[in-house]
Number of protein chains: 2
Amino acid sequence: MGCMTMSSAKINAAIDNLKQAGVRITPQRHAILEHLIQSMSHPTADEIYKALEGKFPNMSVATVYNNLRVFKEAGLVKELTYGDSSSRFDCVTTDHYHIICDSCGKIVDFHYPGLDEVESLAESVTGFDVGRHRMEIYGVCPDCKRKH
Amino acid sequence: MGCMTMSSAKINAAIDNLKQAGVRITPQRHAILEHLIQSMSHPTADEIYKALEGKFPNMSVATVYNNLRVFKEAGLVKELTYGDSSSRFDCVTTDHYHIICDSCGKIVDFHYPGLDEVESLAESVTGFDVGRHRMEIYGVCPDCKRKH
DNA sequence: AGACTAATTATAACGATTATAAAGTAAGAA
DNA sequence: TTCTTACTTTATAATCGTTATAATTAGTCT
């Protein structure tokens, strides 16, 4: 089973999901979704826009933003907001955290068993109803370490 | 020992810190620092700007941004970047996390014993040299719960 | 006081994102 | 099929937070 096949399956699942939510699958939407699923990175809206301008020379940035919002609302995509200027977008598959390189900006997925106890402690201490949490870890990636 | 006294002590400590780093204490810097320390919230640059325009009618927004950067570089202030449009600024006292109300945006400090094991697991799994991490918890605050 | 450096101000520029309006495209009913 | 309607894309302008620039002001040092 090659990579292509796995991506295709994911894309088809995502498209079925959208269709059931009553969202039309336009060529632009298909391409944005495909790019998000196939690229292992966590691209910005502008990176998606530039990656697809070969295939869609007339596509507007607004289309990218609009459809990322559509995908977010359908629960297919998460928006990642770090300190830097622009948001990154990540296909929702399984829950995971991110570790980010301070030197080159690379983002790597990383799994960690649930921090439920943090949430429950927060609930009891603050009186909030806790819904979710986010965590990022920062450091220097192996590639950047080597370059020193 | 009143609140005023504690705030004053913190401000004096911060000012000593800056002086030792060779930073001049201008009236604007004093006021921005004072506002950051005394306000229990985590204000945006614009909120600070507006809060001080009574005292400093001619102060420029650039002054607020410049000095927040100076304070950050001195290690006195942390910049908090959440999903929303503008950064918030937090006086560094002791390490803590934040819990944020999804409904009204209120930010409450909350302590939790170190998640060192997350950092070390991340190191061994990804090969990064880990330096730090951030975590935020999201939910609905008691005030907003009551209003339903 | 005079000279040098740093800080503030006013303003313009920038970049990411969103809003608007016009034109295009698909889907369903007659 | 054709009409109608709603949705989508496009091009463009607007918005907003933040940063850069240049001129002015204020401190500091001798």
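This is a predicted model: local features need pLDDT of at least 70, side-chain atom pairs count only at pLDDT 80 or more; totals for chains, interfaces and linings use all residues.
A few ground rules come first. Local features need pLDDT of at least 70 and side-chain atom pairs count only at pLDDT 80 or more, while totals for chains, interfaces and linings use all residues. Residues are numbered from 1 along each chain as its sequence is written, and side-chain values use heavy atoms, with hydrogens and water left out.

Let's start with the overall numbers. Contact here means heavy atoms within 4.5 Å. Buried area is the accessible area (1.4 Å probe) that two parts lose on being put together, summed over both.

| Item, chain B and chain A | Value |
|---|---|
| Residues in contact | 34 of chain B with 34 of chain A |
| Buried area | about 3100 Å² |
| Salt bridges | six salt bridges |

Of that buried area, 67% lies on carbon and sulfur atoms. A salt bridge puts a side-chain nitrogen of Lys or Arg within 4 Å of a carboxyl oxygen of Asp or Glu. One such link pairs B:Arg134 with A:Glu136, at 3.5 Å from N to O.

Which parts of chain B touch chain A? Strands S3 (97-101), S4 (107-110) and S5 (129-140), along with helices H5 (116-126) and H6 (142-146), each supply at least two residues. Helices (H or I, at least four residues) and strands (E, at least two) are DSSP runs, numbered from the N terminus. S5(B) gives the most, with twelve residues.

Strands pair if DSSP finds at least two bridges between them. In S5(B), B:Val140 is the bridge partner of A:Asp129.

Methods. Chains are lettered from A and ligands numbered from 1 in the order in which they are written.
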